Amino acid sequence: MARINKAQADQMLQEAYKLYGNLLVKYCAVRLKEDAVAVDDCVQNAFLIYYKKLLGGDVIEKPKAFLYRTADNMVKRSLADYYKNAKRTIELEKAENIPVEETFTDACDLDYDYLKRVLLEKLSADEQLLYQQKYVEGMALKEIGEYYKITPSAVANRTSRLRTKIKTLIDYVIENNSKGGE
């Protein structure tokens with residue numbers, strides 16, 4: 001069995017699209033009640049899976065049947081997602097009016113420069129330096145890694161932990177330092 005190269009897979013994909021593209025669009029449109037976005041996703045995903053199979057070396061004897069079966073699976077998945085979400089949706093008339101507690105009246109009440117300083121003061125010296133290098137100076141992970149003598153993936157882990165810490169501190173800092181606050 002000869003392996004299919006990329007050029008052959010591209011050619012087979014183009015041929016299949018010319019032959020079956022419009023048919024799949026019609027099939028998906030009927031099944032998905034002409035939801036244009038869902039129809040496009042269905043058709044694109046069917047052809048994407050077909051193309052990946054070709055690149056993976058699979059021999060597809062009946063491309064039309066394969067594409068229809070794949071599109072049908074996409075339709076079923078799309079409908080399942082729709083019905084799952086529909087169960088959680090209620091009519092606007094039946095919705096309760098739940099008041100939202102506001103922590104401050106307006107974004108204009110915040111002094112963002114001050115809040116940034118307060119937030120950064122809550123970070124350790126090492127975290128402040130990493131913040132400065134990554135977000136102020138815009139250094140690449142590789143450059144920061146060379147500075148610390150660690151790999152770029154280790155730097156990515158550190159910046160991820162830093163972002164998480166900052167996200168957890170933001171609400172606290174805003175709540176306790178807004179204008180007219182405590």
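I began with tyrosine 131, which is buried, at a relative accessible area of 18%. The structure I consulted is a predicted model.

**Entry on the tyrosine pairs.** I looked up the partner of tyrosine 131. A search of the whole structure gives five aromatic pairs. In one of them, tyrosine 131 and tyrosine 135 form a tilted pair, with 5.5 Å from centre to centre and 45° between the planes. I then asked why these two tyrosines are separated by about one helical turn. They stand four residues apart in helix H5 (residues 125-136), so about one helical turn lies between them. Tyrosine 135 has 34% relative accessibility and therefore counts as partly exposed.

Tyrosine 148 counts as partly exposed because its relative accessibility is 25%, and buried residues must fall under 20%. I also recorded that the charged end of arginine 158 sits over the ring of tyrosine 148, 5.5 Å from the ring centre.

**Entry on the disulfide.** How many disulfides does the structure hold? I found one. The bond joins cysteine 28 to cysteine 42, with an S to S distance of 2.5 Å. I noted that the two cysteines are 14 residues apart and that the pair links distant parts of the chain: cysteine 28 belongs to helix H1 (residues 6-31) and cysteine 42 to helix H2 (residues 36-55). The link between cysteine 28 and cysteine 42 is left-handed, with -45° about the S-S bond. Are the cysteines buried or exposed? Cysteine 28 is buried, at a relative accessible area of 0%, and cysteine 42 is buried as well, at 3%.

**Entry on aspartate 72.** I located aspartate 72 in helix H3 (residues 63-88). Its relative accessibility is 16%, so aspartate 72 counts as buried. Which residues does aspartate 72 contact, leaving aside neighbours within four places in sequence? I found Tyr27 and Arg31.

**Entry on the whole protein.** I finally turned to the overall picture. The protein has seven helices and zero strands, and its pattern along the sequence reads α-α-α-α-α-α-α. Of its 182 residues, 25% count as buried. Among contacts in the protein with a separation of 6 or more, 63% come from residues 24 or more positions apart. I recorded an accessible surface of about 13600 Å², of which 53% belongs to carbon and sulfur atoms.

Notes: Residues are numbered from 1 along each chain as its sequence is written. This is a predicted model: local features need pLDDT of at least 70, side-chain atom pairs count only at pLDDT 80 or more; totals for chains, interfaces and linings use all residues. Side-chain values use heavy atoms; hydrogens and water are left out. A disulfide is a pair of cysteine sulfur atoms within 2.5 Å. Buried means under 20% relative accessible area, exposed over 50%, partly exposed in between (1.4 Å probe, protein chains only). Contact means heavy atoms within 4.5 Å. Accessible areas come from the Shrake-Rupley method with a 1.4 Å probe; for residues, only the protein chains shown count as cover. Rings of Phe, Tyr and Trp (its six-membered ring) pair if their centres lie within 6.5 Å; planes under 30 degrees apart count as stacked, over 60 as edge-to-face and the rest as tilted. A charge sits over a ring if NZ of Lys or CZ of Arg is within 6 Å of the ring centre and within 35 degrees of the ring normal.
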